[in-house]
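Hi,

Here is the structure I promised to pass on.

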Amino acid sequence: MVEKIKMSCIVVHKYDAEKAIRVLRKHGLLATDFKVMRCKDVVKIPTIKPLTKNVKIAFNNEDISFKETVDYFERKSIVKTYKDLVKNIPKEAMDKLPSSYDIVGEAILIRIPEEAMNYAQIIGEALLRFHKNIKGVYAVTGETYGEERLTPLKLIAGNNVEKTVYVEHGVKFVVNIGKTYINPSLSFEHHRIAEEVSDGEKILDMFCGIGGFSLTIACRKKAEICAADINPYAIKSLISSLKINKLKGTIYPILGDSAYVFSKFFNKTFDRVIMNLPGNAYRFLKYACRVLSGNGGIIHYYRFAEAINEVIFEFLRLISSFRSVVKILYIRKVIEVSPRKRLYVIDAYVM
Ligand SMILES: C[S@@+](CC[C@H](N)C(=O)[O-])C[C@H]1O[C@@H](n2cnc3c(N)ncnc32)[C@H](O)[C@@H]1O
C-alpha cells in the first residue's frame with residue numbers, strides 16, 4: 001500500500017495544468033516531491049502551503065481558473081543511484097553495495113563484495129534499469145591475472161557484450177569484454193602522457209593493450225608510435241580502433257613480445273618508451289634502454305608498490321647498469337589498487 005500525505009492543492013483544467021505548475025514553481029509553492037493527480041479533465045497540483053495573494057493575482061493574470069482544496073498525494077520515487085532500484089535484499093547486503101563501478105561502452109564491470117554476491121542478479125538488473133544504454137552487467141570475480149592481465153568476469157544481468165566501443169577523452173576504443181586488459185581509472189594518465197608528447201616524436205608503447213596510450217597520443221600529436229602486445233585480441237582491437245578515430249599521428253600495431261621484437265630490431269630508435277606492465281616492468285628495463293635514442297629520451301616506468309621509495313630505488317639501481325645519465329622528471333601515484341598496493345609512475349630522462 002503506497003503511503004499518501006495530506007496536502008493543500010489546487011484543481012485546474014488539464015489545459016491549464018502546465019501554466020499553473022510554472023506559476024507555482026516560480027513562486028516556490030509547488031510541492032516538487034509529490035506526484036500531481038489527473039482525473040478526467042482536471043488536474044490536482046500539490047502545493048507546500050495555501051496560495052498567497054501574489055500567486056492568486058498571477059493566476060488571474062494568466063487566465064487560469066482554479067479551486068483550492070486539500071487531498072492525499074503520493075511521493076515521487078527519487079532514483080539517484082542504481083541502489084535505489086535494488087529491492088528485496090537483506091540490509092547487510094544492501095549496506096555492502098558498491099557505489100562505484102566501471103562503465104566500458106555498453107558493459108558495466110562491478111566488484112560485488114562476498115556478502116552481496118548471492119544477490120548479484122538483482123544488483124545487475126538494477127544497474128540495467130538505471131543505465132538505459134547498458135546491454136550487459138558483469139561481476140568482477142577476482143584479481144587481474146596472467147601475462148595478458150585479464151580480469152575474471154561473470155555475466156550477472158543482460159546479454160553478453162562481445163565487442164563494444166568505449167570512449168575516453170574523445171578517443172574511441174574497440175573493446176572485447178573479458179579478452180583484453182581495460183581500466184578506465186587510467187584515463188587521466190593516458191591523457192597526461194599524450195600532453196607530454198611533442199609532434200615528430202618516435203614512441204614505443206611496449207605493453208600497449210588496446211592502445212590506451214598509443215591512441216590517445218596519436219589523436220593529439222603527429223607522433224610515430226610502435227605499439228606492441230602479446231595478446232592478439234588487444235592488437236585486433238587496436239587495429240579496429242585505428243579506423244574509427246581521426247588520427248594526427250601514426251600507429252604501427254605489433255603482435256609480439258616487446259623484449260624480443262624491439263631490442264633486436266630497433267636499437268637506439270625511440271624518443272620515448274612507455275612501460276605500462278606494473279607487475280613486471282623491471283624485467284624489461286634493459287630492453288627499453290637498448291631501444292631508447294642514444295641522444296637521450298624519456299621512459300615512463302609503471303610499477304606496483306606500497307610506497308614510492310621502493311620504485312625509485314629499484315629504478316635507479318636497475319637503470320644504472322644500462323645508462324649513465326638519469327634525471328627523474330616526475331613521480332606520481334596513478335591509482336590506489338588496494339590498501340597496501342599502489343600503482344606509481346616515474347617519468348625519467350635517460351641518456
Ligand atoms: C597493464 S596492461 C597495459 C594496458 C595499456 N597500456 C593501457 O594503458 O590500457 C599490460 C599489457 O601488456 C601485455 N604484455 C604482457 N607481457 C608482454 C610482453 N612481453 N610484450 C608485449 N606485451 C606484453 C599484456 O597482454 C597487457 O595487454
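A polar contact here means a pair of N or O atoms within 3.5 Å; within protein, one must be able to donate a hydrogen and the other to accept it, and residues adjacent in sequence count only if both atoms are side-chain atoms. By that rule, a nitrogen atom of the ligand sits 3.0 Å from a polar backbone atom of Ser258. Another entry puts a ligand nitrogen 3.1 Å from an N or O atom in the side chain of Asn276, and for His190 the side-chain N or O atom is 2.7 Å from an oxygen atom of the ligand. The protein covers 98% of the 610 Å² of accessible area that the ligand has on its own (Shrake-Rupley method, 1.4 Å probe; for residues, only the protein chains shown count as cover).

Before you go further: this is a predicted model, where local features need pLDDT of at least 70 and side-chain atom pairs count only at pLDDT 80 or more, while totals for chains, interfaces and linings use all residues. Residues are numbered from 1 along each chain as its sequence is written, and side-chain values use heavy atoms, with hydrogens and water left out.

Domain 2 (82-161) and domain 3 (179-350) both give residues to the shell around the ligand, so the ligand lies between them (bounds from an automatic or database domain assignment).

Elsewhere, the whole structure has 17 salt bridges (a side-chain nitrogen of Lys or Arg within 4 Å of a carboxyl oxygen of Asp or Glu). One links Lys91 with Asp95, with the closest N and O atoms 2.8 Å apart.

Best wishes
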